[in-house]
Structures are given as C-alpha cells and as structure tokens.
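Dear colleague,

Please read them alongside the coordinates.

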Amino acid sequence: MKLRKHLSHPGLLKTVTRHFQQVPDPSGPDAGIPLRDCLLSGLAVFGLKYPSLLQFDRDRMDEVTAHNLRALYGICQAPCDTYLRERLDEIDPVLLRPVFKQLFAQVQRGNELKRFQFILKTR
C-alpha cells in the first residue's frame with residue numbers, strides 16, 4: 001500500500017496541530033500547560049487506545065510513554081487527568097469543528113471514503 005503524505009498519521013496530525021494552535025485559550029497565555037498540549041493529549045488518549053483518563057494519567061510519567069507522546073503527537077507536557085478535564089471543559093466544541101471538517105475533506109479528496117461505502121438492499 002502506498003503511503004500518502006497528507007493521509008498518513010504525521011500528515012493528519014500536522015493538520016490537527018495547526019488547527020489546535022488556533023483555538024483561543026480561555027484561561028489565557030499563563031495558564032500553565034499550553035492548551036495545544038491539552039488538546040493533543042485528549043487526542044492521544046483515543047489514538048493510543050487508553051481505556052480511561054486515569055490510565056493515561058498513570059502512564060504519562062513513564063519514560064517510554066512520555067517519549068511516544070513527544071515523538072508521535074508533539075506533546076511537550078502532558079497534563080494529569082483532572083487538569084485535562086478542567087481545561088477541555090472550558091473549550092466550546094464549536095471551536096474544534098473546523099479541524100474535523102478539514103480532516104474529513106482530506107480523507108474525501110484522497111478517495112478513502114469509498115472503502116467505507118456499502119449498498120443497502122431493500123426488499
């Protein structure tokens with residue numbers, strides 16, 4: 001299978017990171033952990049298939065996990081589960097909509113959605 005740059009993990013993550021950097025931080029610039037790292041940590045919880053935020057919190061301090069968060073997601077400082085919840089609760093989900101629309105458009109342009117088509121037979 002040929003890897004397409006914009007549809008690879010690094011390509012899609014680049015799009016996500018660019019959008020996350022544009023989300024205004026309701027806590028201001030001196031909030032501690034940058035909002036970008038909080039948003040990317042939330043994405044990493046799903047991408048790395050963590051069963052819970054608590055498990056992510058336990059693992060984030062592990063040397064290997066911290067390296068993977070930096071290398072795969074560009075997270076400089078992963079927040080604890082409580083801080084992550086508090087920061088993400090402040091974000092209006094409408095502000096995250098553009099990144100999902102952009103990702104969907106990239107996948108659509110790459111003809112990847114055709115693999116998920118099916119024919120519904122009616123009687």
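Cys-38 is buried, at a relative accessible area of 0%, where buried stands for under 20% relative accessible area, exposed for over 50%, and partly exposed for what lies in between (1.4 Å probe, protein chains only). This is a predicted model, in which local features need pLDDT of at least 70 and side-chain atom pairs count only at pLDDT 80 or more, while totals for chains, interfaces and linings use all residues. Residues are numbered from 1 along each chain as its sequence is written, and side-chain values use heavy atoms, with hydrogens and water left out.

A search of the whole structure for disulfides, meaning pairs of cysteine sulfur atoms within 2.5 Å, finds zero. Cys-38 is in no disulfide, and the nearest cysteine sulfur, that of Cys-80, is 9.2 Å away. Cys-80, for its part, counts as partly exposed at 26% relative accessibility.

As for salt bridges, the count comes to six, each being a side-chain nitrogen of Lys or Arg within 4 Å of a carboxyl oxygen of Asp or Glu. One of them joins Arg-36 to Asp-37, with the closest N and O atoms 2.8 Å apart; Arg-36 is partly exposed, at 22% relative accessible area, whereas Asp-37 is buried, at 2%. In another, Glu-112 pairs with Arg-115 at a closest N and O separation of 3.2 Å, and here Glu-112 is buried, with a relative accessible area of 19%, while Arg-115 is exposed at 59%. Salt bridges that share partners also link Asp-25, Arg-87 and Glu-90 into one network, within which the side chains of Arg-87 and Glu-90 meet at 3.7 Å, N to O. Arg-87 counts as buried at 3% relative accessibility, and Glu-90 as partly exposed at 38%.

Finally, the largest pocket has a volume of about 470 Å³, a pocket being an open set of points on a 1 Å grid over the protein atoms alone, where a 1.4 Å probe fits, with protein on both sides within 12 Å along at least five of seven lines, and lining residues having an atom within 4 Å of a point. Of the 21 residues that line this pocket, Phe-20, Leu-39, Gly-42, Leu-43 and Phe-46 are the closest to its centre. The elements that contribute two or more residues to the lining are α1 (9–22), α2 (35–47), α5 (81–89) and α6 (97–109), and α2 gives the most, with six residues.

Best regards

Methods. Points joined across faces, edges and corners; volume = space filled by probe spheres on them. Helix = DSSP H or I, 4+ residues; strand = E, 2+ residues; numbered from the N terminus.
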